[in-house]
Amino acid sequence: MKKFSLKVILLLILPSLFFISVILWLPPSEKFQKSLFYSLIDKNKLLKDTHSPRLILLGDSNLSFGLESKRLKDSLKLNPVNTGIHALLGLKFMLANAKKYIAKDDIVVISPEYQQFFDNYADGEIELVSTIVEVSPESIKLLDIKQAFVLSKYLPDFLLSKFRSLMSRNKILTDTIGVY
């Protein structure tokens, strides 16, 4: 009976693991590719390539939509790098991601939304899972154990969204405005 149970479990687990790995390797949907989450690539490139003195702005979409970097540069004589994307990436991820680029003479302004300080909001939500898998897989090393545990509950929903995206690939977006 023990051998039979083991074979049944393997019969269920192996196809499930195969299915999950196939879904994870699917390309991101066009809708996600045009979302603000994809700007992480450009923002990290700015963090890497912009010369000091820099004003690094860390926060949520309030920064993305609320500041004009050219005005900051002209008035402060600093090179601004606005890293604001979305609150549901979580403050922990935003800080860990920027930390690797911060240099000695940089000025860092952190402007999170209030929710970042309550419950598990700072750990991120499904948007962080999507961003790590779809945009920056190497960023998984920036997560701590607690974050990984919190984010694991979003994995089934993420996989389901990838599967739904695969099923609706025939609905192509016609506008080409770029990242959000």
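This is a predicted model: local features need pLDDT of at least 70, side-chain atom pairs count only at pLDDT 80 or more; totals for chains, interfaces and linings use all residues.
## Helix 9

Let's start with helix 9, which runs through residues 155-167 and has 13 residues. From its first C-alpha to its last it reaches 18 Å, close to the 18 Å expected at 1.5 Å a residue.

Which residues of helix 9 are buried? They are Phe158, Leu159, Lys162 and Ser165. These four sit on the same side of helix 9, because they cover an arc of only 120° around the axis. Turn to the other side of the helix and you will find Pro156, Arg164 and Met167, which are exposed.

## A nonpolar patch on the surface

Next, have a look at the surface. Leu95, Ile102, Val108 and Ile110 form a nonpolar patch there, and together they have about 280 Å² of accessible area.

One of these residues, isoleucine 110, has its place in strand 3, residues 107-111.

## Glycine 124

Our last stop is glycine 124, in the loop between strand 3 and helix 7 (126-134). Is glycine 124 buried or exposed? Glycine 124 is buried, with a relative accessible area of 0%.

What is glycine 124 in contact with, leaving aside its neighbours within four places in sequence? Its contacts are Leu88, Leu89, Gly90, Val150, Leu151 and Tyr154. As for leucine 143, it lies 19 residues from glycine 124 in sequence, and the two are 10.0 Å apart in space, C-alpha to C-alpha.

Key:
Residues are numbered from 1 along each chain as its sequence is written. Side-chain values use heavy atoms; hydrogens and water are left out. Helices (H or I, at least four residues) and strands (E, at least two) are DSSP runs, numbered from the N terminus. The expected span of a helix is 1.5 Å times one less than its number of residues. Buried means under 20% relative accessible area, exposed over 50%, partly exposed in between (1.4 Å probe, protein chains only). The arc is that of the directions from the helix axis to the C-beta atoms. Patches are made of residues with over 30% relative accessible area and no salt bridge: like charges are joined within 9 Å, nonpolar side chains (Val, Leu, Ile, Met, Phe, Trp, Tyr) within 5 Å. Accessible areas come from the Shrake-Rupley method with a 1.4 Å probe; for residues, only the protein chains shown count as cover. A salt bridge is a side-chain nitrogen of Lys or Arg within 4 Å of a carboxyl oxygen of Asp or Glu. Contact means heavy atoms within 4.5 Å.
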